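Please keep the sequence and the coordinates at hand while reading.

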Amino acid sequence: MNAPHPFIEAASPHVMNTYGRLPIAMSHGQGCRVWDVNGKVYLDALGGIAVNTLGHNHPKLVPALQDQISKIIHSCNYYHVPNQEALAKKLVELSGMSNVFFCSTGLEANEAALKLARKYGHDKGIERPEIVVYEKAFHGRSIATLSATGNPKVQAGFGPLVEGFIRVPINNIEALKAATEGNPNVVAVFFEAIQGEGGINPMHLDYLRDLRKLCDERDWLMMIDEVQCGMGRTGKWFAHQWAGIVPDVMPLAKGLGSGVPVGAVVAGPKAAQIFQPGNHGTTFGGNPLAMRAGVETIRIMEEDGLLAHAAAVGAHLKAGLETALAAELAAGTVKEIRGQGLMLGIDLAKPCGVLTQRAADAGLLISVTADSVVRLVPPLILSRAEADEIVARLCPLISALLKEAP
Ligand SMILES: *Cc1c(COP(=O)(O)O)cnc(C)c1O
């Protein structure tokens with residue numbers, strides 16, 4: 001164990017002030033537990049924001065990454081990276097789509113998707129392509145992806161925003177039809193199957209099916225941002241698969257490398273041939289370390305049956321939360337417990353940002369999103385006993401907060 005650390009400054013003098021950080025610094029992890037530099041142990045119900053698919057220090061992942069690091073970390077896209085083909089083949093099989101572009105982060109995957117949609121339009125002779133996006137959506141922090149994001153807080157101070165977006169409410173096909181009526185410039189619809197940062201808001205399966213039909217009728221690309229809800233988190237490889245549909249474009253990142261930055265855009269037949277040499281690129285994307293992390297993450301998920309596990313433990317966790325918060329649900333102070341598998345949101349009737357610190361004090365890592373939604377996105381290896389522990393630590397804090405004066 002490290003020597004006790006006396007005090008962690010609220011801010012780091014040389015690091016830009018972009019996050020309201022808790023005064024906690026992590027030292028190491030094992031499974032779903034993380035230790036801070038003072039030796040305090042936390043149960044990790046956040047998974048580095050839906051990133052640490054296999055938890056920490058996974059006994060199969062770590063030796064594979066060590067092996068890769070000792071061979072080659074980065075080469076560059078002027079040469080073939082054998083595991084790019086292996087990971088692309090795997091993602092194509094799992095998604096029923098056809099080709100993959102690799103990058104390093106979620107926003108980069110989304111940028112590539114937006115470029116694909118625009119070029120799809122230009123190739124059809126549409127000079128000013130427009131893309132349908134949603135209220136409360138989150139797609140990243142670059143200028144284009146924050147313009148697609150439906151959160152004024154993310155956009156404030158960064159205008160002029162990128163144009164060419166039409167914003168509609170989720171789960172309302174009539175509103176979408178009205179907003180695009182007679183508009184020949186629409187080329188794509190872009191959305192999260194379950195909104196993450198926006199408060200764990202699932203798209204209804206019927207809506208997804210109706211939207212698939214509409215995209216086919218109108219020759220629009222259906223682009224599903226699975227950066228947070230994808231990679232097994234909901235109990236299927238990709239959350240849209242619960243609706244039995246296949247998108248045309250699917251950005252991935254977060255959980256894909258189990259902690260190593262890996263992003264990808266998977267494209268179906270309609271979008272797979274849009275980019276030609278010179279249209280798009282990246283220095284880091286698809287590098288040997290990232291690709292090994294992606295290949296091994298999926299291999300271990302398959303070997304260990306983590307999809308079925310995430311579905312089962314997620315249902316157990318949701319049921320546990322519903323039981324522990326039954327009185328609050330009946331009173332309406334907890335409005336809803338939403339989500340699927342190990343992507344759950346507890347929507348409170350009041351802001352609850354203070355819970356992140358209180359939970360950490362109680363040895364539990366969580367996050368709060370959309371001001372009043374407790375977000376649980378733990379590693380997919382979470383056990384039933386650990387799910388019970390989340391309920392036991394978290395629910396009393398929620399009940400107590402709801403009893404406090406506003
Ligand atoms: C986190 C997230 C992104 C942005 O990913 P970064 O890796 O932070 O750029 C985009 N879309 C969704 C749905 C996300 O959850």
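Does Asn-279 count as buried, exposed or partly exposed? The model is a predicted one, and in it Asn-279 has a relative accessibility of 27%. Buried means under 20% and exposed means over 50%, so Asn-279 at 27% counts as partly exposed. This residue belongs to the loop between β12 and α9, the latter formed by residues 288-303.

Around the ligand stand Thr-105, Gly-106, Leu-107, Asn-110, Phe-138, His-139, Glu-192, Asp-225, Val-227, Gln-228 and Lys-254. By residue class, this shell divides into three nonpolar, five polar and three charged residues. Helix α4, which runs over residues 106-123, gives the most to the shell, with three residues.

Individual atom pairs give a more detailed view of the site. At Gly-106, a backbone N or O atom lies 2.8 Å from an oxygen atom of the ligand. The side chain of Asp-225 places an N or O atom 2.8 Å from a nitrogen atom of the ligand. For Gln-228, an N or O atom of the side chain is 2.7 Å from an oxygen atom of the ligand. On its own, the ligand has 380 Å² of accessible area, and the protein covers 83% of that area.

Lys-254 is one of the residues around the ligand, and it also carries an annotation. An unreviewed UniProt entry gives Lys-254 the feature "modified residue: N6-(pyridoxal phosphate)lysine". Lys-254 is found in the loop between β11 and β12, where β12 comprises residues 263-267. With a relative accessible area of 22%, Lys-254 is partly exposed. The loop between β11 and β12 also holds Val-260. The cut-off for buried is under 20%, and Val-260 is therefore buried, with a relative accessible area of 16%. Val-260 and Met-301 are 41 residues apart along the chain, and 16 Å separates their C-alpha atoms.

The unreviewed UniProt entry places the feature "binding site" at Phe-138, Asp-225, Glu-226, Val-227, Gln-228 and Thr-283. These positions are spread over 146 residues of sequence, and they are also spread in space, with up to 24.9 Å between C-alpha atoms. Among them, Glu-226 is located in the loop between β10 (221-225) and β11 (249-252). Glu-226 has a relative accessibility of 0% and so counts as buried.

The loop between β10 and β11 contains Val-246 too. Val-246 has a relative accessible area of 38% and is therefore partly exposed. Its C-alpha atom is separated by 9.7 Å from that of Met-223, which is 23 residues away along the chain.

For "binding site", the unreviewed UniProt entry also lists Arg-141 and Thr-282. Of this set, Thr-282 takes part in the lining of the second largest pocket. Arg-141 is situated in the loop between β5 (130-134) and α5 (143-148).

From Gly-159 to Pro-160 the peptide bond is cis, and its omega is near -5°. Pro-160 sits in the loop between α6 (152-155) and β6 (165-168). Cys-76 is not a glycine, yet its phi is positive, at about 130°. The location of Cys-76 is the loop between α2 (61-71) and α3 (82-95). Asp-219, likewise a residue other than glycine, has a positive phi near 65°. The loop between α8 (205-218) and β10 holds Asp-219, and the relative accessibility of 31% means that Asp-219 counts as partly exposed.

Definitions and conventions:
Residues are numbered from 1 along each chain as its sequence is written. This is a predicted model: local features need pLDDT of at least 70, side-chain atom pairs count only at pLDDT 80 or more; totals for chains, interfaces and linings use all residues. Side-chain values use heavy atoms; hydrogens and water are left out. A residue is near a molecule or strand if one of its heavy atoms lies within 4 Å of it. A polar contact is a pair of N or O atoms within 3.5 Å; within protein, one must be able to donate a hydrogen and the other to accept it, and residues adjacent in sequence count only if both atoms are side-chain atoms. Accessible areas come from the Shrake-Rupley method with a 1.4 Å probe; for residues, only the protein chains shown count as cover. Helices (H or I, at least four residues) and strands (E, at least two) are DSSP runs, numbered from the N terminus. Ala, Val, Leu, Ile, Met, Phe, Trp, Tyr, Cys and Pro count as nonpolar, Asp, Glu, Lys and Arg as charged, and the others, Gly among them, as polar. UniProt positions are given in the numbering used here, feature names are shortened, and annotations may be inferred rather than shown by experiment. On a 1 Å grid over the protein atoms alone, a cavity is a set of points where a 1.4 Å probe fits but cannot get out, and a pocket is an open set with protein on both sides within 12 Å along at least five of seven lines; lining residues have an atom within 4 Å of a point. Buried means under 20% relative accessible area, exposed over 50%, partly exposed in between (1.4 Å probe, protein chains only).
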